[in-house]
Amino acid sequence: MAEKPMNMSTQIPDEEDVRKEDNIRSLTMLDHFGFECLPHQLVNKSIQQGFSFNILCVGETGIGKSTLIDTLFNTNLKDKKSSHFYSNVGLKIQTYKLQENNVQLKLTVVNTVGYGDQINKEASYQPIVDYIDAQFEAYLQEELKIKRSFIDYHDSRIHVCLYFISPTGHSLKSLDLLTLKNIDTKVNIIPLIAKADTLSKSDLQKFKFKIMNELVSHGIQIYQFPTDDQSTAQVNSSMNGHLPLAVVGSTDEVKVGKRVVRGRQYPWGVLQVENENHCDFVKLRDILLSTNMEDLKQQTHTWHYENYRCCKLQEMGFSDVGPNNQPVSFQEIYEAKRQEFSDQCQREEEALKLKFMQLVKEKEATFKEAEKELQDKFEHLKRVQQEKTMQLEEERRQLEEEIIDFYKMKAASETLKTQVCTNIKKDKDHKK
Ligand SMILES: Nc1nc2c(ncn2[C@@H]2O[C@H](COP(=O)(O)OP(=O)(O)OP(=O)(O)O)[C@@H](O)[C@H]2O)c(=O)[nH]1
Ligand SMILES: [Mg+2]
């Protein structure tokens, strides 16, 4: 049986009794006692720690992103204007520390740079997707660490994407549809019609209707303000009907009657940024900062991050159930994966060994063939050489014979010559 909640005030001794005992500490009456004070502990702790909020602003160059952020936080973040001549879309990440009364906010604003300025816009969404995923990955890596430091960890996951739609009055551009389609499962998207002061009221309504129809027909999920909390259900359900919000940004102060308001001065009058009849800026500020900031953060963690984490762990081979649909522990999966990996390594090693042996055999056969060819060539050359030597030997022998014959002939001719000379001399002597 559930216990009856204890009323702490019944436990406080009568003040009279307390005073009677001199050494007993007297309690001062506080507004709250017992565990009903838990929310106060949380509030105090959160105020001490400070809050953080990360906004991604996606929109064409000069569409009014920085002005809107300045208007939202009632400050001047001194964001420089971007050039229209970047060859690729980039992201500018800036973190600011803001304070309102005693509440500190670490605000990270990620702005697109050069968005919509390229001729080929097909890959324009990629840096945005990569950035969102990189922040999820950083958080996942921190979660998987043995020594985690979530207390001073700067959680850079994007809590909301303010998507700035050009106030064309026609329809969404293909770049809008492509980008929204690629990020809608990764981030809470709040679509905004930028510079809504450039459209008439009736055009604006038609444009809003058209945009919502297009988003629905392309199956693009945008952030739905939650209606399950009674305190915010009414505001949020009416806000859902105002999407996309038509916003105007300005930090200029303009005099309207006796009041000074933030607005844009035109020759025909003043557009008051904080006037709900003029634009949806107040609605945006309320739902973003006053009512739904915590929900946006929670949705980021429990839905978008969870989605990323689940896919990533599945990619790595983790699962909650085994092949027989039986629940398996992380340890079991790790062991199975390790075994699978070691088996795979062994298989690959064996395949490599086999391949190596095959290659060695092939090479050996090639070498043997080459060796045989060389041997044959050598034998052939040797034979040719021997034949040549024999031939030369024969020629030498013939030459030597010729030389001997020559010398013989020479000696015979010498003898003949001497004999002829002697005969001639004898003849001369005889004639005398
Ligand atoms: N009419 C009108 N002009 C606006 C609005 N918001 C901003 N502007 C003007 O538009 C110009 C560009 O505004 P930024 O806020 O610098 O635009 P941005 O998107 O941050 O521009 P980059 O950072 O350079 O891409 C400035 O001259 C603003 O005064 C608006 O709601 N309505
Ligand atoms: Mg800017």
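Which pocket does ligand 1 take up? The space taken by ligand 1 is the second largest pocket. A pocket here is an open set of points on a 1 Å grid over the protein atoms alone, where a 1.4 Å probe fits, with protein on both sides within 12 Å along at least five of seven lines. A molecule sits in a pocket if more than half of its atoms lie within 2 Å of its grid points.

This is a predicted model, in which local features need pLDDT of at least 70, side-chain atom pairs count only at pLDDT 80 or more, and totals for chains, interfaces and linings use all residues. Residues are numbered from 1 along each chain as its sequence is written, chains are lettered from A and ligands numbered from 1 in the order in which they are written, and side-chain values use heavy atoms, with hydrogens and water left out.

Start with the ligand. Its shell holds 16 residues, and the closest are K65, S66, T67, S82 and D197. A residue counts if one of its heavy atoms lies within 4 Å of the molecule. Helix α3 (65-72) and strand β8 (259-266) each supply at least two residues of this shell. The most come from α3, with 3 residues. Helices (H or I, at least four residues) and strands (E, at least two) are DSSP runs, numbered from the N terminus.

Now the polar atoms. A backbone N or O atom of G64 lies 3.0 Å from an oxygen atom of ligand 1. For K195, a polar side-chain atom is 3.1 Å from a ligand oxygen atom. Y266 has a side-chain N or O atom 3.4 Å from a nitrogen atom of ligand 1. Taken alone, ligand 1 exposes 650 Å², and the protein buries 82% of that. These areas come from the Shrake-Rupley method with a 1.4 Å probe.

Follow α3 to L72, which lies in this helix. L72 is buried, at 4% relative accessible area. Buried means under 20%, exposed over 50%, and partly exposed in between (1.4 Å probe, protein chains only). From L72 to S200 is 128 residues in sequence and 23 Å in space, C-alpha to C-alpha.

Next, helix α4 (residues 126-144) holds D133. D133 is buried, at 18%.

Last, the cysteines. The structure holds 0 disulfides (cysteine sulfur pairs within 2.5 Å). For C311, the nearest cysteine sulfur is that of C310, 5.5 Å away. C311 is partly exposed, at 41%. C421 is also partly exposed, at 46%.

Definitions and conventions. A polar contact is a pair of N or O atoms within 3.5 Å; within protein, one must be able to donate a hydrogen and the other to accept it, and residues adjacent in sequence count only if both atoms are side-chain atoms. On a 1 Å grid over the protein atoms alone, a cavity is a set of points where a 1.4 Å probe fits but cannot get out, and a pocket is an open set with protein on both sides within 12 Å along at least five of seven lines; lining residues have an atom within 4 Å of a point.
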